[in-house]
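Good morning, and thank you for coming. Please look at the sequence and the structure on the screen while I go through a few of their parts.

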Amino acid sequence: MSYQGKKNIPKITSDRLLIKGGRIVNDDQSFHADIYMEDGLIKQIGDNLIVPGGVKTIEANGKMVIPGGIDIHTHFQMPYRGTTTVDDFNQGSKAALAGGTTMIVDHVIPEPGTSLMEAYDQWRQWADEKTCCDYSLHVDITHWNDSVKQEVDNLIKEKGVNSFHVYMAYKDYYQMSNSELYEVFTFLAERGGIAQVHAENGEIIAEEQARMLQMGITGPEGHVLSRPEELEAEAVFRAITIASQTNCPLYVTRVMSKSAADIISQARKKGNVVFGEPITASLGTDGTHYWSKNWAKAASFVTSPPLSPDPTTPDYLNTLLSSGDLSVTGSAHCTFSVAQKAIGKDDFTQIPEGVNGVEERMALIWDKAVTTGKMDENMFVAVTSTNAAKILNLYPRKGRIAVGSDADLVIWDTDSIRTITAKTHNSAAEYNVFEGMELRGAPLVVICQGKIVLEDGNLHATSGVGRFIPCSPFPDFAYKRVKARKQLAVLRAVPRGMYDGPVSEFSMSRGGTPSASARTSPTKQPVRNLHQSGFSLAGNPAPCGPPTPDDVPIRPAGRRIVVPPGGRSNITSLS
Amino acid sequence: RRKSKQSCLRRFAFLGKTEKSFGMFSSVEGAFDSKTIDFDNYAVGRKGSRTPRSGSRERLLDTGDPVEDARTGVEVRFSTEKESPDGKNERLLIKGGRVVNDDQSFYADVYIEDGLIKQVGENLVVPGGVKVIEANGRMVIPGGIDVNTCLMKPFLGTQPVDDFLQGTKAAIAGGTTMIIDHVTPQPEDSLLEAFERWQEAADKKACCDYSLHVDIPQWNESVKYELELLVQEKGVNSFQVYMAYKDVYQMTDSQLYEAFSFLKQLGAVVLVHAENGDLIAQEQRKILGMGITGPEGHPLSRPEELEAEAVFRAITLGNRVNCPVYITKVMSKSAADTITQARRKGSVVFGEPITASLATDGSHYWSKNWAKAAAYVTSPPLSPDPTTPDHLHTLLACGDLQVVGSSHCAYSTSQKAVGKDDFTLIPEGTNGVEERMSFVWDKAVAMGKMDENQFVAVTSTNAAKIFNLYPRKGRIAVGSDADIVIWDPDSVKTITAKLHKHNASEYNIFEGLECRGAPAMVLSQGRVVYEDGNLQTQQGTGRFIPRKPFPDYAYQRVKFRNQVKNKQGVTRGIYDGPVYDVIPTPKYITPAPSAKTSPTSHQPPPIRNLHQSNFSLSGAQIDDNVPRRSGHRIVAPPGGRSNITSLG
């Protein structure tokens, strides 16, 4: 590293940077060029750039220069029963930078029943204070009603959130019914949001957990036994079905098992707009550790959906990631100390869920997918950065090395070998789920917002410099297809003459089931109120009228459709 | 034919001489000069002098006029050589037929007495005064079993036009000698009472043997008691649950889990109506809101994805509980594919396509004729994809789907017209009990997809096995019930509502379809009930056939898996590190809307009340042999005994 011209004070990194002699790797191509950055933006790319004097120059020596990683799934500083995860936004984003990730997207998790907006503001406050890199936010929808709807609308329009997370697990807490999911997805499809889903069948999990505890299994192995991967696959299948019905792009967070990944890959083959996100843990390790004799170690692996006990899973997921069937990688970094995990020492259902992975994410994918020949360097950039930027509608500001893009860059050293251990990692957790793993590939220099934050193994992160990056709705990556389909998928009624044959008499007296919730379905089969006509009310089904005393004639007496001589149809006349 | 007559004569001469009786496998003296041991004939499907079908095989493929040819080639001559007129049809001998079971076909005579098959073999020794039916080498197959009929399913107080009398007549006319009907109690009704009502009605009217499935309209404690009674005393071993019909029959996943667990303990087969009811309700509202009220709204609001999704979920539940799952009414390719994949992974799951899904498609919902379109309304709907029937036949032929039902539930046009302004009100059901076997023959066997043995398997044997009727039903063997069909593979008829007199509805959804293959003669309980197109049924002769739980076909694998699947906890030393102190936060515990379903409904993860210990408070299910209580600490002995082994 050398300074052109007059030497500046070396400690304060200059706003002007030149990377010379690097090989720029984007998701579509790689080429040799120099990069000139100023004010946190990439200003010029090319050979023999004309740059002002006093520019700090970094010699890349032919090494790869890639867009900084985007970790699309983190839980920093997540409140949990009066405590928070041990990695706050400062600690967590430092770990991210150390691993070559220059942007994180954290999940806002409001308590069920509380305001989404307040939770969002709270998270913004925490993150603005402490984050060392740019960030954005997903908001979890933990309950659903009209006021939530309003808040979601505001978040999309004014607060720069375009992705919302819903839960199919955590029965009686976060879990949503199919009808609610349908409504959420429909709403998000209208507003241009991305529906993220935690896909596990919560009802069956609840039953299985009860069964495990009853059998006397209370250790962490009960976690994986009560959440078999089938339940993940089932929920993924269901989520895809609902999304396809509502024509809403779907994003499956935490793909942990082969069967769930297969379902996503099949659905993509059928044309569904669905994205799968494997996480560092599912790409790097497996669920055999739940049976570890060391309780603390076993508990540190507890996350939901659990890591699959099938040891071939990581390899398989890396393959699907390479082939493009899975689209992005997150870390789901959510670390608890051993003492916090020990809340569940007598009952696995009480163990706080979460694993580390924000720091190891990029190196792990490089090691498992690129060095094994599954993936090329361009695909590596796509799954660690570009695709995430596209889904969040931040592309090409993030996720690409191009003129005008943010100066979030990583010079990647493909040959450095590191051994992962909790002793040296940047997270505050005592355990690392990748303990002892040797990973080839590491960031040599990390540039975030045009400043060097990692150099020669030293981290110079500044707390609070991270900016919130607002995401706008209708990302093309997800919505272009959806929009086209919306225009095609117009359903039409068949115009036909009116049925004027006999109509059998029937009684309403028998079997009038008092439905538990009247809000849901206009169609109570087989006993229905005939006065509730389908088309006259136009999608706003009235509650059932009072039951008629006698056998009622089929057609409401006051409403006759006159057939004109030519036999006009009753249906076209309505449209 | 001349040759076969000769051999018959020879055998008669032989019969007269000997007094010994021969079982199916006994070697018979002189049998070797009998024509029947000719290996050419043994080899089924190969050209043999006795098989008139083989001659007509080429004709099947020709485009020529097969009707005429078939008539001449297959003319049935029932030489009923009544030697004593007072036989009362109690003793019957079917001579010269080719017995086709699901595993093999062979030439043999079948002797029937008192409604049972007494002998099968060559050169049978039979008493005098036996009515002899000359089968002339045609197929003699076990009578069909239609596992899915709804002959008494009430809809808004009306009943289907085909009751047990009409329905069973139609069944027999189509070669089906046993039906299994669905008892459909309304929510709140007693299952037991409903069962008895159905049984009473069927006993009065049914013309063939029958059995009953019971539908579970809702899940609660009293249902459990009734189910136990039905299984143990009433001879019911199959129960249907619904994943559709929101707010009426639909069960939640938790309820399904409990129902599956309970039914598995009883050894019953779980039938599942697989459609996602929540989504259907949403879609119906949407479609009605768009102004679509005609029958086309029915398939539009129930796309096949929703069927496939529910099938997948049902299979997942079945795997979890380790319980056999039977999917009724497989109507779409994607649902069938889901079943296929699950079977490949080892799930114990059975799929039942129905006549309608095997023979026609959902394009008719868009018919301009309202009454015609409405006639096709059934749930799950027929798939609008016209390649569906072909695909389902292929899967049926390769064994991925096992059983063919009809789901016969015929409503008249005026009954269907209840929903003339709103498709969600159209009573659901199509015909098919009569056409079932013919269509499988026509579309699968005659097309070369399926052999005759598989035909017997899917129309009869598999059903008998799944519902524990085998080998009493579903097989031609000594001791089995004499429910036998002589099948004519070459008869060609065109199906129309006008001609078929056994069926009361005005519309036939198979109207105008040409169909090859039909029963030439049907025997039920050892009596000829159908011959040359004439029904000779007697009302009320049908018996209720009780079925025992734990059918081997479904439960053998389940039993083994139970033994293998014992899960064990890890024995590890007690954790003695620091524990984060959690303040109990009662405000997080959401009041569960229904407390009846799950024992774990009070522990909302991940934020939980720690004072609410799982095994101490959850009531009767979490039983008391788990010794740990809130006030109870396990002391680790110096050697470091594990906390888990101490729990036993």
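Predicted model: local features only at pLDDT ≥ 70, side-chain atom pairs only at ≥ 80, totals over all residues.

I begin with chain A, where strand E6 (residues 64–67) and strand E16 (residues 409–419) pair in the antiparallel sense over four bridges. Helices (H or I, at least four residues) and strands (E, at least two) are DSSP runs, numbered from the N terminus, and two strands pair if DSSP finds at least two bridges between them. Within this pairing, A:Val65 has A:Ile411 of E16(A) as its bridge partner. E16(A) is also joined by eight bridges to strand E17 (residues 438–448) of chain A, and these two run antiparallel. There, A:Leu409 stands opposite A:Ile447 in E17(A).

Residues are numbered from 1 along each chain as its sequence is written, and chains are lettered from A and ligands numbered from 1 in the order in which they are written.

Strands of a sheet pair through backbone hydrogen bonds, either parallel or antiparallel. Chain A also holds an open sheet of seven strands with parallel pairing, in the order E7-E10-E11-E12-E13-E14-E15. Its edge strands, E7 (69–74) and E15 (274–278), each pair on one side only. From one strand to the next, the twist averages 25°. Axes are lines fitted to C-alpha atoms, for helices over the stretch in contact, and angles run from 0 to 180 degrees between N-to-C directions. E7(A) is joined to strand E10 (residues 101–108) of chain A by four bridges, and A:Ile70 stands opposite A:Met103 in E10(A). Helix H8 (residues 258–269) of chain A lies across strand E14 (250–255) and E15 of chain A, at about 155° to E15(A).

I turn now to chain B. Helix H7 (residues 221–233) of chain B has 13 residues and reaches 19 Å from its first C-alpha to its last. That is close to the 18 Å expected at 1.5 Å a residue, the expected span being 1.5 Å times one less than the number of residues. Which residues of H7(B) are buried? They are B:Val223, B:Glu226, B:Leu227, B:Leu229, B:Leu230 and B:Val231; buried means under 20% relative accessible area, exposed over 50%, partly exposed in between (1.4 Å probe, protein chains only). Just after H7(B), B:Gly235 takes a positive phi of about 75°.

Notes
Heavy atoms only, no water. Contact = heavy atoms within 4.5 Å.
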